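Subject: Structure for your review

Dear colleague,

Please find below the structure that I am handing over to you, followed by an account of what was found in it.

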Amino acid sequence: GTGAGYLASLLLARLFVLKDKTWRLVLVGMILEIVAITLLASGFPVGVPSILLGLGLGLVMPEFLVMFVKLSHHCQRGTANTTHLLASEVGFSSGIAVACYFDLEADKMLYTGQVVAVIALIFFILVTYPYYKNVIQMSRIWRAYLNSEVADGFGPIPALAAFSGVPAEYDSVEAIYQFILKELREAESAL
């Protein structure tokens, strides 16, 4: 059931091509996890909650990986990937170890899972996502500054279509500064 939910999340995640995709996917995923744990705690048959749990994890985990990679420096992306995977494994293992150590009954484990999931969702909403969103905007401001320095120093450069995988046309300094002003306005309004 959990595997089926996880596979369904791969298809569902493709539908979220809207603005604030990360916000929406994590929010929906965490809510699905909370609903799945609540259904299990209420004695609901295991099939539907396990699919919901897989769906929730499948929406949340890849977005957290994207956040880890985007917040790392370009030479530390492998480390970010490994850190994400290790943190996930430590989290799952710690939850199992704590439940075994305290010899919790199923209903107490599920209640603890509900509380932890709600706290994690609140932490994501109040701390993690605002920080992530601000760092992305700060990087846009830094890119604008670097483009201005290079354009001032070298004149026309292939800045607007650079890193697209094909040879880029040289952009005029005026076009680069129009792009810079647009970037700065958008970054400022998003902060």
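Thr83 lies in helix α4 (helices, H or I, are DSSP runs of at least four residues, numbered from the N terminus). Because its relative accessibility is 36%, Thr83 counts as partly exposed (buried means under 20% relative accessible area, exposed over 50%, and partly exposed in between, with a 1.4 Å probe and protein chains only). Thr83 and Leu11 are 72 residues apart along the chain, and their C-alpha atoms are separated by 26 Å.

Please note that this is a predicted model, in which local features need pLDDT of at least 70 and side-chain atom pairs count only at pLDDT 80 or more, while totals for chains, interfaces and linings use all residues. Residues are numbered from 1 along each chain as its sequence is written, and side-chain values use heavy atoms, with hydrogens and water left out.

Helix α4 has 25 residues, which should span 36 Å at 1.5 Å a residue; its end C-alpha atoms are 35 Å apart, which agrees (the expected span is 1.5 Å times one less than the number of residues). Ala80, His84, Ser88 and Ala99 are buried in α4, and what covers the buried residues of this helix includes α3 and α5. Just after α4, Asp103 takes a positive phi of about 50 degrees.

Helix α6 (residues 173-190) has 18 residues and reaches 26 Å from its first C-alpha to its last, close to the expected 26 Å. Its buried residues are Ile176, Ile180, Glu183 and Ala187. Seen down the axis of α6, these buried residues fall within an arc of 65 degrees, so they line one face of the helix (the arc is that of the directions from the helix axis to the C-beta atoms). The face turned away from the buried side of α6 carries the exposed residues Glu174, Arg185, Glu188 and Ser189. What covers the buried residues of α6 includes α5 (106-154).

The largest nonpolar core has 10 residues in all: Val26, Met30, Ile34, Val60, Met67, Ala117, Leu121, Phe124, Tyr129 and Tyr132 (a nonpolar core is a set of buried Ala, Val, Leu, Ile, Met, Phe, Trp, Tyr and Cys residues joined through side-chain atoms within 4.5 Å). Helices α2 (21-41), α3 (47-71) and α5 each supply at least two residues of this core, and α5 gives the most, with 5 residues. Ile34 touches Ala117, Val118 and Leu121, not counting residues up to four places away in sequence (contact means heavy atoms within 4.5 Å). A second, separate core of 7 residues includes Ala13, Ala36, Leu52 and Leu55.

Gln114 is also found in helix α5. With 19% relative accessibility, Gln114 counts as buried. Leaving aside neighbours within four places in sequence, Gln114 is in contact with Ile37 and Thr38.

The largest pocket has a volume of about 1,300 Å³ (on a 1 Å grid over the protein atoms alone, a pocket is an open set of points where a 1.4 Å probe fits, with protein on both sides within 12 Å along at least five of seven lines, and lining residues have an atom within 4 Å of a point; the volume is the space filled by probe spheres set on the points, which are joined across faces, edges and corners). Of the 33 residues that line this pocket, the closest to its centre are Glu33, Gly91, Phe92, Gly113 and Val116. Helices α2, α3, α4 (77-101) and α5 each supply at least two residues of the lining, and its largest share, 11 residues, comes from α5.

Yours sincerely
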